[in-house]
Amino acid sequence: MFRSIYLKSLRDYRVPILGWGLGLGALMAVVLVAIPTVFATPAAKAAVVSLGASYAWIAEPIKIDTAGGYATWKYGITILVVVIWPLLAGTGMLRGEEDRGSMDVLLSLPRGRVRVALEKVAAMWTALLAMGLVIGLLTFAGGAKVSSDLTLGSSIAFGVNIALICAVFLSIALLVSQFTQERRTASGVTAGILVVAIVVDMVHRVVPNTVWFSQLSPVYYYNLSKPLVPGYGPNPGAMLILLALSMLLGAAAVWLFARRDVGGVSLSLPERSSQPVRALPRADWSLHSVYSRSLGMIATSTLWWTLAIAGFAAWMVVIVKQTEAQLKSLLQGSPAMGDFLKLGGSDSATNASILSAFFLFMPVLLMAFAVTQANRWSADEEDGLLEIVLSTPQPRLRVLLGRFAAVATATIFISVLTLVATSVASAGTGLSLDYGNLAAASLSIIPFGLLVAAIGYLFAGWLRAAVDTGLLSFLLVIWVFISFIGPGLSLPDATQKLSPFYYYGSPLLHGIQVADLLVIVAVGAVALALATARFARKDIPA
Amino acid sequence: MSSIIQVERLTKRYGGKRGIDDVSFDVAEGEVFGFLGPNGAGKTTTIRLLMALLHADGGSARIAGLDCWEKTIEIKRLIGYVPGEPSLDRNLTGGQILEYFANLRGGVDRAYLKTLIERMDLDTSRKFRQYSTGNKRKVVLIQAFMHRPRLLILDEPTSGLDPLNQQEFDGMVREAREEGRTVFLSSHVLSEVEKTCSRVAIIRDGRIVRVGGVHELKDIKRYEITIAFAQPVPADTFARLDGVAEVETLNNGLAVRLAMQGAADAVVKAAAQFPVVSLTSYEPSLEDIFLRYYERDGGEAPRQVARV
């Protein structure tokens, strides 16, 4: 496996190919195997169809009463998770090696840059195909028992379609990384592009006559193929577009890589020539303590997340006001929408109750932010950034808690700005809301962000950054499934209580539910205490 | 003189793999102590145990009479540390990094810090990621020296420094010693240890194989004598003499090279029976002694290398 860059790269990908492929394949198999239970009675089947219509904006429900249709709809929500590994691998492929300094050694070999890059890209594509194949085979294994419509060919086509959308985001990540100094920045930007692409694809399912806009997103073409849906099948044209797009973006990335400095960026601004400086910085607030430094480190990403979360909340207020009349008639006429409203804690289609249901996404978004912060903590520890800090007379406890306090400050900042944005939007549009409850809904998301950060810090006591982040993301997806889809599937109350979202309640309607919130605070505090105890005794990586 | 570092039967394992085993040594206050060993011998593990970055599986390590793990904060007030593979925030400038660590330590004399920056010729306005390897090393060295610590623990501190800065570093270590401060220096640059340190410990495969003064090590060293004769001399003339470890015949018996350990009296008397043209004795450097400790059959330091 060490005979070429291609084989060596493929070897590096063997664990993710198996891990990601088996994990995502098993998820699909489980969804398929559970179908007889979900469709146990005609009424249950009808409820699922109705539920699918409610969540059409997330994933298009086509023939949802069939095994393939149901599985495709349900799997559609996981696109965010599916693409994470190729995204990280794409930024690590060239920029990651440059960060580590190993690219210098690689390029000292008698091989051209283009060949080095192409061998790595080819290995990644092979890995994605293998991953798609594993997903396809597991889909077939799970589906063969419940439906004769699910053939091996359609299952493999399903896996290949996943491999293609992964290849597109791999190429985007690779291209973005040509313009950033660090892998981390490229990963952040590409993750942002992924979220935007998913939202752009959603638009045509919510707003009529906007297909042209959604066509700008690669996710749109991924969703055009539905190989598991009987009579729908793969869309060769869409698949070809995904293939062409990934090849085009990949080629552009390789072209740029071949022409720039190793360790440099494409399109960098010329540095000003200046005399060497011997002075120390004056009055830099971020250099006073571990806490202030941590805050300085996460300031930029916090601002972007604030913009996204507060902007999303304000946008929801505006949408609810603008579509007030249509939403009310739609909600009153749809039993499934009634269930959706129940998630928000109400049976009536008032503005506040509609908004309350939408507000359930606020803790999800803040928790996603917390996942990125937990990743940064474990990555810094893994990269040896704590070694010199811990050689100063700073207790380990203070180092960890200083960092956590910075994340807490960031979550408070995001929540307060969300409150400000929604208040302004409410006042601006004339949407009547109880401002006390609005404050409760905006501020009570804070413990949810801190809970995820604490669990991430706890995992970091044992796990590598990539595994920590993967596990935390997976946990978040599971919780979303339990709380958002669980009621529709009549999951037992005990199961629903396992998801933190259960304890968010409906603060926009009923104010802060202190007892529920205390559960989250208590679990978060225990996780943080355990993380601290572990960090105080563990070996620090060099 | 009292010991500032006391290490006794210190043991660390990484799962089933060896770290260090039963390592014991003392470092006296005010001395410059060298810690020698090849890659993977256990130097960095020992240092990271002293810094309480690793938790020992057995034994004890004390600095200034305090347990390294239990009293780590008190100890770190006394220490300046240079890690073997320093990693710092790539997006901060050198100046910001130094200011940050000065704040974390507290009580750093900014005027002295600026003097160090001048001495090391560091441009503090550039980001860490833009520095060369040598400049990155300078930042790490300055942060270790900036608070005039009582004890400096330096893990391969000069790797990547150019000769001028290496000279500056030697000066800084000399000044520290003159001020009565202690330096614990891990290195495999033996000339550096030889000229800087008063005592050394040699670690191999996780175990200490030798601790002693640099001069003491030289006294017990193996050395070489080469004797040229006017006529061929039988090799076995010297083979069984006291102090002779090895004999090599050169130039068809017209010369012999003797590896010696101990007094040369018997050799000189035996050589006197023949017409001697020249006699040279070769004093091995610390490097020779060091390599000898790593000699093994098929190992990384074959005998012919040791004799170069």
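In the predicted model, four strands of chain B form an open sheet in the order E12-E13-E11-E14, and their pairing is antiparallel. The edge positions are taken by strand E12 (244–250) and strand E14 (276–282) of chain B; each has a single partner strand, so one side of each is left without a neighbour in the sheet. On average, neighbouring strands of this sheet are turned by 15 degrees against each other, direction ignored. In general, the strands of a sheet pair through backbone hydrogen bonds, either parallel or antiparallel. E12(B) runs antiparallel to strand E13 (residues 255–260) of chain B, and six bridges join the two. Within this pair, B:Met260 in E13(B) is the residue opposite B:Val244.

Two packed helices are described by the angle between their axes and the distance between the axes. In chain A, helix H19 (residues 361–382) packs against helix H20 (residues 396–429) at an angle of about 155 degrees, and the axes are 11 Å apart. Because angles over 145 degrees count as roughly antiparallel, H19(A) is roughly antiparallel to H20(A). The crossing of H19(A) with H20(A) is right-handed. H19(A) contributes A:Met362, A:Leu366, A:Phe369, A:Ala370, A:Gln373 and A:Trp377 to the contact, where they meet A:Arg403, A:Val407, A:Thr411, A:Ile414 and A:Thr418 of H20(A). Seven of the residues in this helix contact are nonpolar, three are polar and one is charged.

The contact between the chains involves 29 residues from chain A and 37 residues from chain B. On the side of chain A that touches chain B, 14 residues are nonpolar, seven are polar and eight are charged.

How values were computed: Residues numbered from 1 in each chain as written. Chains lettered and ligands numbered in written order. Predicted model: local features only at pLDDT ≥ 70, side-chain atom pairs only at ≥ 80, totals over all residues. Contact = placed C-beta atoms within 7 Å. Nonpolar A, V, L, I, M, F, W, Y, C, P; charged D, E, K, R; others polar. Pairing = 2+ DSSP bridges. Axes fitted to C-alpha atoms, helices over the stretch in contact; angles between N-to-C directions. Parallel < 35°, antiparallel > 145°, perpendicular 65-115°, else oblique. Left-handed = near helix turned anticlockwise from the far one by under 90°.
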